[in-house]
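Welcome, and thank you for taking a look at this structure. Please keep the sequence and the 3D view open side by side while we walk through them.

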Amino acid sequence: MKFLLGVVLTFLLIAPLCVQAESRDEDPAEAMVRHIAKDLRCAVCQNQSVYESNSELAKDMLRIVRDKVMAGEKEAVIRDYFFQRYGDYIYLEPTTSGMNWILWGGPFLGLGIGGLALWAAMQSWRKRTLEASAKTQETTTVTDDTMKKRIQQEMDQVRM
Amino acid sequence: MTHRFFKDKGTNMNGIWKIILLGAVLAILILFALGLNNDPRNIPSPLVNRPATNFTAPALDGGPPVSLEFYRGKWVLVNFWGSWCISCISEHPYLLELANKAKMRKDFVIIGVDFRDTPEAAKAFLARHGNPGYKQAMDPEQKIAIDWGVYGAPESYLVDPMGTIRMKHTGPLFPGWFEMRALPLMEGGER
C-alpha cells in the first residue's frame, strides 16, 4: 500500500515537469510570433501586450503578426509595419532614439547627481562631526580637572 | 538636523539648492500641465501627410468592390465604424448630413469602412439609424483598419485628391466639422 502511494505521489510530482517539457518544444515560428507580439502594445488596453490581450484589436493584430511571420517576413520589418501605422505608442518599451533617450538616460543622470549631492553632504557632515568631537574632548578635559579639584577638596574636608 | 546642512552652508550653497528645488518643482508642474492637456484618445497618427494605403474590399450593398483608388482626384473622407460601436450612433446623424453635402459637391466623397462586423448587423444598423447612401467597404478581420492605424471606432481620415492622408479625426465627427476642419484644408489646395 505504501509502495503504491509512493508511486502515485512520484507520478504527481513528475507530471508537471512533462507538461513544461512539452511547451519547450514550441514551434519556432510561434515563438517568433510571441516574441514580436509581446513587445507590441494593445492599443485599447491598459498596459497589456498584443500577445496577452483578449481584445478584438489585439487578436486581429496577433493574426497579422502570425500571417507575416508565416510569410517569412523579418522581425524588424514586422515591427516597422506597426510602427509606420501606430507610431512610437505601439511599442511597450520606448525605443532609444530621438527624445526618448531622456527616458532611458534620465534615471541614471538623476542617480549620478543624487550620489554627488550625497557625497558632498557626507563630507560636510564628517567635517562637522570631527570639529564637534574635538570640542567635546576639550570640554571633557576641563571638566575632569575641575571635578578632580572638587573631589580633592571634599576628601580633604572629610579627612579633617 | 538636516536643515542645518542647508542653513550653515553660507549664502552661495543656499542659493544653489534653492534654484535646484525651484527647477525641480517647475519641471514637475510643466510635465503635469502637458499631461493634463494631452487627450489620451488623441494619439498622433504617423500616417498624416503620407500616402494612403489603397484598399479594395467587398461592398456592403453587394455591388462592385469598394476601392479607394477609384476616387482619386477627389477629397475622400474614410470613416471607420462598426455596428457594435456606441459612439457611431451619436456620430450617425452628422454623417447623414455630411452625405447630403457630399452629393452637392463634386470634389468630396465619403466611404465607410465597416470593420469587425457582419453584413447583417451593419445593414440592421443602417436600417435603424438611416442609410447615408455612400459606399460601405466590409472589413470583417479589420485588416484595412489595422493597415490604416485604427485603434477604435469611429475614426475618420481625410484623403486629398493626390491620395495623401491629410488629417485624422479620432472619435465622432461633430456638427460643423466639415466647415471647421475639412474645408480649410480643401481650400488651402493640394500640397
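A salt bridge is a side-chain nitrogen of Lys or Arg within 4 Å of a carboxyl oxygen of Asp or Glu. With that in mind, the count between chain A and chain B is 5 salt bridges. One of them joins the side chains of B:Arg116 and A:Asp60, at 2.6 Å from N to O.

Before going further, a word on how to read the model. This is a predicted model, in which local features need pLDDT of at least 70 and side-chain atom pairs count only at pLDDT 80 or more, while totals for chains, interfaces and linings use all residues. Residues are numbered from 1 along each chain as its sequence is written, chains are lettered from A and ligands numbered from 1 in the order in which they are written, and side-chain values use heavy atoms, with hydrogens and water left out.

Let us start with chain A. Its secondary structure comes to 5 helices and 0 strands, where helices (H or I, at least four residues) and strands (E, at least two) are DSSP runs, numbered from the N terminus. Along the sequence, the pattern of chain A is therefore written α-α-α-α-α. Of the 160 residues in chain A, 21% are buried; buried means under 20% relative accessible area, exposed over 50%, and partly exposed in between (1.4 Å probe, protein chains only). Chain A exposes about 12,200 Å², and carbon and sulfur atoms supply 64% of this surface. Such accessible areas come from the Shrake-Rupley method with a 1.4 Å probe, and for residues only the protein chains shown count as cover. Taking contacts (heavy atoms within 4.5 Å) between residues at least 6 apart in the sequence of chain A, 43% join residues at least 24 apart.

Chain B is built from 6 helices and 7 strands. From the N terminus on, the elements of chain B run α-α-β-β-β-α-β-α-β-α-β-β-α. Buried residues make up 42% of the 191 residues in chain B, and its accessible surface comes to about 10,500 Å², of which 63% belongs to carbon and sulfur atoms. Among contacts in chain B with a separation of 6 or more, residues 24 or more positions apart account for 71%.

Now look inside. In soluble globular proteins, nonpolar side chains tend to be buried together. A nonpolar core is a set of buried Ala, Val, Leu, Ile, Met, Phe, Trp, Tyr and Cys residues joined through side-chain atoms within 4.5 Å. The largest nonpolar core has 32 residues, of which B:Phe55, B:Leu68, B:Val76, B:Val78, B:Phe80 and B:Trp148 touch the most other members. Elements of chain B that give two or more residues to this core include strand E3 (75-81), strand E4 (108-115) and helix H4 (119-129). A second, separate core of 23 residues includes A:Ala37, A:Val65, A:Val69 and B:Ile146.

How do the two chains meet? The contact takes 22 residues from chain A and 21 residues from chain B. The area buried between them is about 1,800 Å², with carbon and sulfur atoms giving 55%; buried area is the accessible area (1.4 Å probe) that two parts lose on being put together, summed over both. In chain A, A:Arg85, A:Tyr86 and A:Arg128 lose the most area to chain B, together 32% of what that side buries.

A:Tyr81 counts as buried because its relative accessible area is 13%. Not counting residues up to four places away in sequence, A:Tyr81 touches A:Ile64, A:Lys68, B:Ile146 and B:Asp147.

Finally, some backbone details. Most residues other than glycine have a negative phi, and most peptide bonds are trans. B:Arg116 lies in the loop between E4 and H4 of chain B and, at 25% relative accessibility, counts as partly exposed. B:Gln142 also has a positive phi, about 45°, and its place is in the loop between E5 and H5 of chain B. At 3% relative accessibility, B:Gln142 counts as buried. The peptide bond from B:Ala153 to B:Pro154 is cis, with omega near -5°, and B:Pro154 lies in the loop between H5 and E6 of chain B.
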